[in-house]
Amino acid sequence: MYKLGLMPIEITRLFDFPYHQLEQYNLKDAFTTKYNNKWETISTQEYVDKANQLSRGLLKLGIQPNDKIAVISSTNRTEWNICDIGILQTGAQNVPIYPTICKEDYEYVLNHSEATYCFASDVAVLEKINQIKDKTSLKGVFTFDDIAGEKSWKEILALGNDETLQKEVEERKNNVKSEDLATLIYTSGTTGKPKGVMLSHKNIVSNVLASKERVPLDYGNSKGLSFLPVCHIFERMILYLYQYCGVSIYFAESIEKLSENAQEIKPNVMTAVPRLYEKIYDKIILKGEDLSGVKKVLFFWAVNLGLKYKPNGENGWWYEKQLALARKLIFSKWQAALGGELKLMVSGSAALQERLTKVFAAANMPIMEGYGLTETSPVISVNDQRKKGFRTGTVGKVIDDVEVKIAESGEILVKGPNVMMGYYKDEAKSAEVLKDGYFYTGDKGEFDADGFLKITGRTKEMFKTSGGKYVVPPLLEGELKQSLFIEQVMVVGEGEKMPAAIIQPNFDFIKDWIDKKGHKIKKDNTAISNSELVITRIQKEVNKCNDHFGKWERIKRFELTPDVWSIEGGHLTPTMKMKRAIIKEIYKDLYDKIYTD
């Protein structure tokens, strides 16, 4: 068993976080994962001991400093974190890979990173690896699940039973400097091959320590529910932050079981991307639609009250009085659906609709929206409920140690210890975005009078119509997605005479709408997307959106897609962002129909 010394832990490398937690909190339930319908927990002490055991096993395998080891897991689980610390302590680097990408991208990332070993969670991941591993430099693949005929990660743990190697592990740890490379994170990218973002220990550690100032949690006594892919820097940084704050981490089984797991766990905090908050909200609204009489009236009275929410009592005493009643009668049920103890939700990765910020804050489950990129480890700014640090429609104030300036073009430029080392094996692309000490984000933004940052668009996503007018698709898309009839939408029209939209209808909601209205429409997706009744109804939603924009920006035409946009289908990145070029190619016939008819 690893015993701490007398000196307090100074956190300069990522593997210092577990030792800090051991010294400060020594949690009984550091990590909890469900296996075969049973929650299994490890303590902080077990976490540290297993990480050291893995480090010793890796040394026996011959792992050298700066070797690359890939970790691919379909779900977040305790093993991922043990491997992460175990790998980093040897001076090697952890290369997490999104499980949902295609086997060709697996091959590219494994070869580009020169990974020598790989940890794989389950059969689904293993099948993809086995199809391409002969084309890579992999010497071995170890699985978390017990799979017949495959090497288990437990074999490495068994190698690490030799405690005489711990002295060498300590030497390796001592040789790892804060400025050293810790991880390569391959951005899912909406175009082209993934880029390997090089993040040092200092990049991520500095971001965790600066972000902790925005976490209003009871250190050592809180529970966090984790379900965003930990291969994404947002969730990974959050897990280090939880470890620092002594938050017990519970891993949800899947997005589908999120509500069920939340009711079992009763978390105090969770993180998500906007698309997931949208889905939670849509499900709640659908349940409200099923109510009748006074219950339905009260439900939508509460929702409409929530849509007018302003923080810090800005709406006055009468609004606050009504809000207290709405929380007691209606919003308490929303809370119960997510365990009843949720004090804070955090959102990142893409723009969050302001209506969601307002409604969930009104429901006493505030979403603190932040802003960042993989290249910035990731947090640049984030809202904070305390000290009037929360403003809807913004991504909060810039965190400590990070400097932001707005270029004349409106682009957001970032400087600080969180800014990446560069792109792996790509000096040209690195030089494009790292200039004069600043990282050029590609996002446009502005500060309000009180220092809150607002994102106004993405330089690469803006386009000009043939009439020379600028259009900012995310603004239109955000407005359109407020409709319950619309699940996904991509605004198009670069170089064309007018903006238009390719829309994926919200098929679940529309099927429910068909039943309620008694419409004679077949309830399959193709029939729905071709139905004149549905098209006419969605036109009403488009018209409502258009009222908020100038004439040159308005959506003049749209087409509906018959299928659901997904990561597997190639429409979305693993962080649920649209792959614009691919969607345009998939629906080339609809695009041509819009502009040639």
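Trainee: Which residues does Ser-381 touch, not counting residues up to four places away in sequence?
Mentor: Let's start with the model itself: it is predicted, so local features need pLDDT of at least 70, side-chain atom pairs count only at pLDDT 80 or more, and totals for chains, interfaces and linings use all residues. Residues are numbered from 1 along each chain as its sequence is written, and side-chain values use heavy atoms, with hydrogens and water left out. Contact means heavy atoms within 4.5 Å. On that basis, Ser-381 touches Gly-370, Tyr-371, Val-395, Gly-396, Lys-397, Val-398, Ile-399 and Leu-453.

Trainee: Is Ser-381 buried or exposed?
Mentor: Ser-381 has its place in strand E15 (residues 379–382); strands are DSSP runs of E, at least two residues long, and helices are runs of H or I with at least four, numbered from the N terminus. Buried means under 20% relative accessible area, exposed over 50% and partly exposed in between, with a 1.4 Å probe and protein chains only. At 0% relative accessibility, Ser-381 is buried.

Trainee: How is the pair of Phe-331 and Trp-334 classed?
Mentor: Rings of Phe, Tyr and Trp (its six-membered ring) pair if their centres lie within 6.5 Å; planes under 30 degrees apart are stacked, over 60 edge-to-face and the rest tilted. This rule gives 20 aromatic pairs. For Phe-331 and Trp-334 the centres are 5.0 Å apart and the planes stand at 80°, so the pair is edge-to-face.

Trainee: What is the relative accessible area of Trp-334?
Mentor: Phe-331 and Trp-334 are three residues apart in helix H13 (residues 317–337), about one helical turn. Phe-331 is buried, with a relative accessible area of 0%. Trp-334 is buried too, and its value is 5%.

Trainee: How many residues apart in sequence are the parts that Phe-485 and Trp-513 tie together?
Mentor: Phe-485 and Trp-513 form an edge-to-face pair, 5.4 Å centre to centre with 80° between the planes. Phe-485 lies in the loop between helix H16 (473–480) and strand E25 (486–492), while Trp-513 is in helix H17 (residues 507–517), so the pair joins parts whose separation in sequence is 28 residues.

Trainee: What is the bridge partner of Leu-184 in E9?
Mentor: Strand E8 (residues 181–186) is mostly covered, with six of its six residues buried. Two strands pair if DSSP finds at least two bridges between them. E8 and strand E9 (residues 196–200) pair in the antiparallel sense over five bridges. Within E9, the bridge partner of Leu-184 is Met-198.
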